[in-house]
Amino acid sequence: MIRTVTVPTTPYEGQAPGTSGLRKKVRVFQQPNYAENFIQSVFDVVRPAPGAVLVIGGDGRFHNREVIQQAIRMAAANGYARVLVGRGGILSTPAASHVIRKYGASGGLILSASHNPGGPDEDFGIKYNIANGGPAPESVTGAIHARTETIDRWLTVKADDIDLDKLGEVRVADTTVAILDPVADYAELMETLFDFDAIRAMVSSGFTMRFDAMGAVTGPYAHEILEKRLGFEQGTVVHGTPLEDFGGHHPDPNLIHARDLYDLMMGPDAPDLGAASDGDGDRNLIIGRGRFVTPSDSLAMLAANIEIAPAYRGRLTGIARSMPTSGAADRVATAFGIPCYETPTGWKFFGNLLDAGKATICGEESAGTGSDHVREKDGLWAVLLWLNILAVRGISVDELAKSHWARFGRNYYARHDYEAIDKTNADALMAELKAALPALPGKTFGPLTVAHADSFAYTDPVDHSVSENQGIRVLFEDGSRVVFRLSGTGTQGATLRVYLERYEQPLGHLDAETAAMLEHQIAAADAIAGIARHTGRTAPDVIT
Ligand code: G16
């Protein structure tokens, strides 16, 4: 059955070409043909071969089920032999990545707007992952984007909605649709990576934790793995039922949106470990009793200890981090004599490095950490690796952080976000900044002198593709830096992110206040970019 397209706008309008997925308000997605245009554009670009398998799942947010039913009919009309769907339409992003790999699927549709809020007036999203389980690379997302601009029809079959809550197989036209347990394959994979016995022993000797699933997709995974398999007492997992609106919260595991967890961890009743994950389960937050660990530090600390976990013994070939992520991981790589790759922001840039065995662990400042076990960042995986390390080393998070800094030094780090600013002003700020780069070296800002300033470009070491304009870096002579980028994931106006970093030697001030340590970098960032002048804002909305 062929449907003619009537939607006047192209789905991607307003999003940069190459953005991994489509992310818009639910109301936008509810327009007739809107999601269908995007899904058909994906199918037109990837052209499923005979026998092809497609995975479909999402984070359970509002509008998930409607789009899944439509996507199943469209997959049938586009010739997929088999479609694998998580029960209830649920699959966390890392679980979807694993299912794609395990069952040899040609790709998958993941329905999520990640950490953005959900509900009728909030956000929705769809992204396509390729056969390696990872986000589609820019060559594919660019082709999908181009196709959305010319598409004039989409294909579907006439079939009723199927029961998404019943495990088993049904036929939709000539396609077999299998409803899978969304947790089972993922939980089994985790058991092969980590020393569950060591963690169980630590739990039975009194180690406690709180895991905040934030009303989002990781609830069922965390109940099964942490409470059922590892023996943490019931109630360890809070907000563990995926809700269409995430209980009205913003499922972003940071110090603003996971404030309750932070307060608990800083108070007298703190358990040994506090952790949280986001809407689709790929991000993580780690807080020890009285000790918050930045995502950049978490990457470095996990990398330095990853060989403790059984599946990684003798296997750390390299580390990869996104450019705005702090250089803490680089110190570990240097000490271990292995490479550390600096990629643009976006998990898709890690795919080639992981496929080629050049990197074993990857991470980003935006609270994503993962390894070559799947091709997405993985929130629960990071929590389990922390647990495995703490269980074997027999120390607390705070002790581990302090011993890490005493060995490698500490990268003080903060990100300042200016949210929902006018897009024209944001573009003007970035354009002016870029034009000013050549004149910056040698200039001084308080005690800081600019050593180097550029617009970050990346050449993929595997396929040699080049990605330009990936953020502005200003490096100072003392080794500190500021980085400026516009977010690619916001759905309202523009979000300016300013990343601030300063390194302190092992014998320096290792336990100082971050804001005080970054005082000069903060002042320099405003002076260099004219943030207040362009945005009218004198302070960031969010500091992480
Ligand atoms: C997505 C990507 C991440 C990336 C983040 C950047 O995260 O998957 O790899 O770090 O966007 O966000 P922004 O452009 O807003 O800084 P997620 O968790 O939203 O899928």
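**A strand residue and its surroundings**

Modeller: Val-450 lies in strand E21, which covers residues 448-455; strands are DSSP runs of E with at least two residues, helices are runs of H or I with at least four, and both are numbered from the N terminus. The model is a predicted one, in which local features need pLDDT of at least 70 and side-chain atom pairs count only at pLDDT 80 or more, while totals for chains, interfaces and linings use all residues. Residues are numbered from 1 along each chain as its sequence is written, and side-chain values use heavy atoms, with hydrogens and water left out.

With a relative accessible area of 1%, Val-450 is buried, where buried means under 20%, exposed over 50% and partly exposed in between, for a 1.4 Å probe and protein chains only. Leaving aside residues up to four places away in sequence, Val-450 touches Leu-440, Pro-441, Gly-442, Lys-443 and Phe-445, and also Val-474, Leu-475, Phe-476 and Glu-477; contact here means heavy atoms within 4.5 Å. Leu-475, one of these, is 25 residues from Val-450 along the chain, and their C-alpha atoms are separated by 5.9 Å.

Leu-510 can be read in this way too, although its place is in the loop between strand E26 (494-504) and helix H16 (514-517). It counts as buried at 17% relative accessibility, and, with residues up to four places away again not counted, it touches Trp-405, Ala-406, Arg-410, Tyr-412, Glu-504 and Gln-505.

Asn-305 counts as buried at 9% relative accessibility, and its side chain makes a polar contact with that of Arg-393 at 2.9 Å. The residues that Asn-305 touches, counted in the same way, are Ile-389, Arg-393 and Leu-400.

In helix H7 (residues 196-204), the buried residues are Phe-196, Ala-198, Ile-199, Met-202 and Val-203. Seen down the axis of H7, they fall within an arc of 160°, so they line one face of the helix; the arc is that of the directions from the helix axis to the C-beta atoms. An α-helix has 3.6 residues a turn, so residues three or four places apart point the same way. The exposed residues Asp-197 and Ser-204 are carried on the face of H7 turned away from its buried side. The buried residues of H7 pack against helix H6 (184-193), helix H8 (218-229) and helix H13 (379-393). After H7 comes Gly-206, with a positive phi near 115°, and after H8 comes Gly-231, with a positive phi near 85°.

Around the ligand there are 16 residues, of which Glu-364, Ser-487, Gly-488, Thr-489 and Arg-497 come nearest; a residue is near if one of its heavy atoms lies within 4 Å. Oxygen atoms of the ligand lie 2.4 Å from an N or O atom in the side chain of Thr-489, 2.6 Å from a polar side-chain atom of Arg-497 and 2.8 Å from one of Ser-366. Taken alone the ligand exposes 460 Å², and the protein buries 93% of that, areas being computed by the Shrake-Rupley method with a 1.4 Å probe. The shell around the ligand has one nonpolar, eight polar and seven charged residues, where Ala, Val, Leu, Ile, Met, Phe, Trp, Tyr, Cys and Pro count as nonpolar, Asp, Glu, Lys and Arg as charged, and the others, Gly among them, as polar.

Notes:
A polar contact is a pair of N or O atoms within 3.5 Å; within protein, one must be able to donate a hydrogen and the other to accept it, and residues adjacent in sequence count only if both atoms are side-chain atoms.
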